Amino acid sequence: MTVTDATDTAADVITGARERIDALDDRIIGLVQERMAVSAVVQETRIASGGRRVNLSRELEVLSHYSDALGRPGTSLAMTLLELCRGRI
């Protein structure tokens with residue numbers, strides 16, 4: 001295999017991987033939007049039944065779940081998701 005062949009092969013692998021990453025990002029964005037919609041239903045129902053807009057114990061569960069699965073960056077990701085779904089508190 002020549003250097004040119006190796007470079008071409010690497011470029012093909014990178015291009016394919018980037019296309020897969022782009023597809024995964026599209027799916028992740030779709031899932032986040034779906035999570036936001038479901039969260040809005042929960043929040044509206046909770047408020048309509050006299051509850052608070054935010055359930056802190058539930059948010060701690062979510063933070064713990066993401067942290068357990070992904071470590072410290074998971075906590076940051078969970079915080080971002082929670083903010084997207086319920087707004088700033």
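These legends accompany several close-up views of the structure shown above. The model is predicted: local features need pLDDT of at least 70 and side-chain atom pairs count only at pLDDT 80 or more, while totals for chains, interfaces and linings use all residues. Residues are numbered from 1 along each chain as its sequence is written, and side-chain values use heavy atoms, with hydrogens and water left out.

**View 1. A negative patch formed by E19, D22, D25 and D26.**
Let us begin at the surface, where E19, D22, D25 and D26 form a negative patch. A patch here is made of residues with over 30% relative accessible area and no salt bridge, with like charges joined within 9 Å and nonpolar side chains (Val, Leu, Ile, Met, Phe, Trp, Tyr) within 5 Å. Asp and Glu count as negative and Lys and Arg as positive, whereas His and the chain ends are not counted. Each charge is placed at NZ of Lys, CZ of Arg, CG of Asp or CD of Glu. One of the patch residues, D22, sits in helix α1, which covers residues 3-48. Helices (H or I, at least four residues) and strands (E, at least two) are DSSP runs, numbered from the N terminus. D22 has a relative accessible area of 47% and is therefore partly exposed. Buried means under 20% relative accessible area, exposed means over 50%, and partly exposed lies in between (1.4 Å probe, protein chains only). The areas themselves come from the Shrake-Rupley method with a 1.4 Å probe, and for residues only the protein chains shown count as cover.

**View 2. The salt bridge of E61 and R58 in helix α2.**
A search of the whole structure finds three salt bridges, a salt bridge being a side-chain nitrogen of Lys or Arg within 4 Å of a carboxyl oxygen of Asp or Glu. In this view, the side chains of E61 and R58 meet at 3.3 Å, N to O. Both residues belong to helix α2 (residues 56-70) and are three residues apart, about one turn of the helix. E61 is partly exposed because its relative accessibility is 48%; R58, at 46%, is likewise partly exposed.

**View 3. R86 and E59, a salt bridge between two helices.**
Here the side chains of R86 and E59 meet in a salt bridge of 2.7 Å, N to O. The pair links distant parts of the chain, 27 residues apart, with R86 in helix α3 (residues 72-86) and E59 in helix α2. Both R86 and E59 are buried, and the relative accessible area of R86 is 11%. Besides E59, R86 touches Q43, R53 and V54, not counting residues up to four places away in sequence; contact means heavy atoms within 4.5 Å. For a sense of scale, R86 and A10 are 76 residues apart in sequence and 43 Å apart in space, C-alpha to C-alpha.

**View 4. The salt bridge of R88 and E83.**
The side chains of R88 and E83 meet at 3.3 Å, N to O. R88 has a relative accessible area of 68%, so R88 is exposed. E83 counts as partly exposed because its relative accessibility is 33%.

**View 5. Q43 and C85, two buried residues in contact.**
Q43 is part of helix α1, while C85 lies in helix α3. Q43 counts as buried because its relative accessibility is 16%, and C85 is buried with a relative accessible area of 9%. Leaving aside neighbours within four places in sequence, C85 is in contact with R35, M36, S39 and Q43. C85 and I21 are 64 residues apart in sequence and 24 Å apart in space, C-alpha to C-alpha.

**View 6. R46 and its contacts.**
R46 is another residue of helix α1, and a relative accessibility of 22% makes R46 partly exposed. Its contacts, leaving aside neighbours within four places in sequence, are G51, R52, R53, V54 and N55. Between R46 and S76 there are 25 Å in space, C-alpha to C-alpha, and 30 residues in sequence.
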